[in-house]
Amino acid sequence: MSTPFTQVLNTLTRQRGVTACLVVVAEDGIAVDSNLQFGQDGNRVAALAASLYRKARQSAQAAGLGETGFMQLEADHGRLCILGGTELILVVVAERDGNVGLIRLDMRRAAEQLPALLGAVLAAA
């Protein structure tokens, strides 16, 4: 089944090393749509990413740094990349050897489409 977010998610998951890609509601961490490889827990990833993004936004604003942009969490077994706005965020889980530069570039392009895609979803509801 195709959704307004399908093309965005498919583009991001084509990057080498990407194991999961999600569109998540920024405030409550609910996954709106996702493209996950076997073994990925989308609900956990969505909740974690939204929580991290909210805290980073609050911290950046409190420090007078402005809006939060691209975020990356590096861990022993992979990376969590987050980019978005006040309503929706894009989340990518990638292996350590994934090209984060290309992932970031594709995420920025995809994030530009999110407001229009959200409008299409709301209009259809």
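**Fold and packing of the predicted protein**

Among contacts in the protein between residues at least 6 apart in sequence, 52% join residues at least 24 apart; contact means heavy atoms within 4.5 Å. The model is predicted, so local features need pLDDT of at least 70 and side-chain atom pairs pLDDT 80 or more, while totals for chains, interfaces and linings use all residues. Residues are numbered from 1 along each chain as its sequence is written, and side-chain values use heavy atoms, without hydrogens and water.

The protein contains three helices and five strands. Helices (H or I, at least four residues) and strands (E, at least two) are DSSP runs, numbered from the N terminus. Along the sequence the pattern is α-β-β-α-β-β-β-α. The radius of gyration, taken over C-alpha atoms, is 14 Å. This agrees with the value near 14 Å for a compact globule of 125 residues, under a rule of 2.2 Å times the number of residues to the power 0.38. The C-alpha trace spans about 45 × 35 × 25 Å along its principal axes.

The five strands form an open, antiparallel sheet in the order β2-β1-β5-β4-β3. Strands count as paired if DSSP finds at least two bridges between them. β2 (31–36) and β3 (71–75) stand at the edges with a single partner strand each, so one side of each lacks a neighbour in the sheet. Six bridges join β4 (residues 78–84) to β5 (residues 88–94). Leu 83 stands opposite Leu 90 in β5.

Two helices pack on this sheet. Helix α1 (residues 6–13) touches β1 (18–25), β2 and β5, and its direction makes about 150 degrees with that of β1. Helix α2 (residues 42–62) touches β1, β2, β3, β4 and β5, at about 60 degrees to β4. Axes are lines fitted to C-alpha atoms, for helices over the stretch in contact; angles run from 0 to 180 degrees between N-to-C directions.

Buried residues (under 20% relative accessible area, 1.4 Å probe, protein chains only; exposed is over 50%, partly exposed in between) make up 38% of the 125 residues. The largest nonpolar core has 20 residues. Such a core is a set of buried Ala, Val, Leu, Ile, Met, Phe, Trp, Tyr and Cys residues joined through side-chain atoms within 4.5 Å. Helix α3 gives the most to this core, with six residues. Leu 90 is among the residues with the most contacts inside the core. Beyond its neighbours within four places in sequence, Leu 90 contacts residues including Leu 12, Val 23 and Met 107.
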